[in-house]
Amino acid sequence: MGRKASVRLLMAILALPLMLPTGARGAEYKLEISAGLQESAAYIPDDNPLTPEKIALGKQFFWDKRWSYNGTVACVSCHQPDHGWADLQQFSMHANGKPTARRAPTIVNRVFSKQQLWTGLRPSLEEQAVKDSNRTDEMVVQRLGAIPAYQQQFRKVFGADLNPDGVAKAIAAYVRTILSGNSPYDRFLAGDKGALSPAAQRGFAVFVGKGQCARCHTGFNFTDEGYHNIGVGMDKPNPDLGRFNVTKLEADKGAFKTPTVRDVAKRAPYMHDGSEKTLEDVVAFYNKGGVKNPWLSAEIRPLSLSAQEQGDLVAFLQSLTGQVSTAVASPPKLPE
C-alpha cells in the first residue's frame, strides 16, 4: 500500500466512532453535535437525561462562586471557556490559594467518556461535580438552597428541595453540552480541501505515520480514553504515579489519561503537571521518546522527526481548534 493510500485509510479510521460502554441514549434535549463528532458515541446516563431546564441550572451552578467554602472560586475558575475549558495556570489552585498537584484537564467533549480526571478517579461527571470541590454536602444545601430562585428552579427540574445529588446531576448535564467540532480538519475531511494548509496536511501524515500519535489519540475525538506512562515527571525524586493511585496496579505507575487534542492549541501549558509550555515543547518531548522509566509505555520511543516534520505536526494540531456554541460558553445571569 502506498503512502497516500495509507494516509487515506488512517484518516477513515480516525473518523470512526469511539466505542463506549453500552448505556448511551437519547434524551429530551438534543445535543448540538458539530461536524466531525459522533452523536452515537455520546454517553448520557439513564438516570440523568438532558433537559433545557436542567442544563440551564447546571450552568448557573458551574459559574457560581458562592458555594465554594470561602466564596472565591467556581468550576469555571479552573475550566475557562476562552482557554479550551482548561486552566491558564501550571497547577490549578485550591480555594485557599494553594496549588494542587496537577493542572485541571479540559472538559471539552466529555460527553464521550465515562471516567473523568487525569487518572480516571471519578467514574462519572456526576461524581466529579461534587467530590472534586472544596464543598461539603452541608455547604451545597445551605448556600445554594438559601437562594429562592435556585430552590424554585431545582424543584421544577427534580421535584424536590435542593440537594447535592441533584446539583451534581445538573452540573454534569451542562458539562455534557460543552462540545467542540467543525474544526478546519473536520471541514477538510468533509471535502473542503482548502480548509487545511499544506503544512497541516503534511502534519496529518506525520500524526498518523512517523509520529505515531494516532496510536493513542485515535477516533473522532482523538483519544483512546486510556492511560499511558509517557514519562512526564518520572525523573523527579517523588513522581506522581497517576493511575496507580486509583488501581494499585504496578503497570499503571506513572500512567495518565490520553487527553483529546481537539482545541489543544487553546490550552497551554500541557501535561498533567503543566510542564510543557507550548505545543512545540510537547512535540519535542515526544520526539525524544519521553522520559525513560521502568513503566514507560511501549508506544513511547524516539521518533527522529526533522524540524520541518515537527513544525508540520504542530500545524496539524492547531487545525483541530473547533467551534463551541456561544450560548454554552457565555456566562449566565446568576440569581441574587
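Reader: Is F222 buried or exposed, and what is its relative accessibility?

Author: This is a predicted model, and every value here is computed from it. Buried means under 20% relative accessible area. F222 has 0% relative accessibility, so F222 counts as buried. The residue sits in the loop between α9 and β1.

Reader: What is phi of F222 near?

Author: The general idea is that most residues other than glycine have a negative phi, and most peptide bonds are trans. In F222 phi is near 55°, a positive value in a residue other than glycine. N182 also has a positive phi, of about 55°, although N182 is not a glycine. N182 lies in the loop between α7 and α8.

Reader: Which residues does a cis peptide bond join?

Author: A268 and P269 are joined by one, with omega about 0°. P269 is placed in the loop between β2 and α11.

Reader: Now the packing. Which members of the largest nonpolar core touch the most other members?

Author: A nonpolar core is a set of buried residues joined through side-chain atoms within 4.5 Å. Here the largest one has 41 residues, and F61, F62, V167 and I171 touch the most other members. At least two residues of this core come from each of α2, α3 (75–78), α4 (125–131), α5, α6 and α7. The helix that gives the most is α7, with 8 residues.

Reader: Which residues does F62 touch, not counting those up to four places away in sequence?

Author: F62 touches A74, C75, V76, H79, W85, I107, I171, Y174 and V175. There is also a second, separate core, of 27 residues, which includes F204, V291, L305 and L313.

Reader: Where is W63 found, and what is W63 in contact with, leaving aside its neighbours within four places in sequence?

Author: W63 is found in helix α2. With 14% relative accessibility, W63 counts as buried. Its contacts beyond those neighbours are A74, V76, P81, W85, Y174, V328, A329, S330, P331, P332 and L334.

Reader: Which residues of helix α5 are buried, and what covers them?

Author: In α5 (residues 137–145), the buried residues include M139, V140, L144 and G145. The cover over the buried residues of α5 includes α2 (52–63), α6 (148–158) and α7 (164–175).

Reader: How many salt bridges does a search of the whole structure find?

Author: The search finds 15 salt bridges. A pair counts when a side-chain nitrogen of Lys or Arg is within 4 Å of a carboxyl oxygen of Asp or Glu. One of them is formed by D186 and R262, whose closest N and O atoms are 2.9 Å apart. D186 lies in helix α8 (residues 184–189) and R262 in the loop between β2 (256–257) and α11 (279–287), so the pair ties together parts that are 76 residues apart in sequence. D186 counts as buried at 4% relative accessibility, and R262 counts as buried at 1%.

Reader: How far apart are the closest N and O atoms of R102 and D240, and are these residues buried or partly exposed?

Author: In the salt bridge of R102 with D240, the closest N and O atoms are 2.7 Å apart. The pair links distant parts of the chain, 138 residues apart: R102 is in the loop between α3 and α4, and D240 is in the loop between β1 (227–228) and α10 (244–247). R102 counts as partly exposed at 24% relative accessibility, and D240 counts as partly exposed at 22%.

Reader: What does D312 form a salt bridge with?

Author: D312 pairs with R202, and the closest N and O atoms are 2.8 Å apart. D312 belongs to helix α12 (residues 307–318) and R202 to helix α9 (residues 198–208), 110 residues apart. D312 is buried, with a relative accessible area of 6%, whereas R202 counts as partly exposed at 38% relative accessibility. Elsewhere, R110, E225 and K257 are linked in a network of salt bridges.

Reader: At what angle do the axes of α11 and α12 cross?

Author: The two axes come within 10 Å and cross at roughly 125°. Angles over 145 degrees count as roughly antiparallel and 65 to 115 as roughly perpendicular; α11 and α12 are therefore oblique to each other. Their crossing is right-handed. L279, E280, V283, A284 and N287 of α11 make the contact with Q310, L313, V314, L317 and Q318 of α12.

Terms used. Residues numbered from 1 in each chain as written. Predicted model: local features only at pLDDT ≥ 70, side-chain atom pairs only at ≥ 80, totals over all residues. Heavy atoms only, no water. Buried < 20%, exposed > 50% of the residue type's maximum accessible area, 1.4 Å probe, protein only. Helix = DSSP H or I, 4+ residues; strand = E, 2+ residues; numbered from the N terminus. Contact = heavy atoms within 4.5 Å. Axes fitted to C-alpha atoms, helices over the stretch in contact; angles between N-to-C directions. Parallel < 35°, antiparallel > 145°, perpendicular 65-115°, else oblique. Left-handed = near helix turned anticlockwise from the far one by under 90°.
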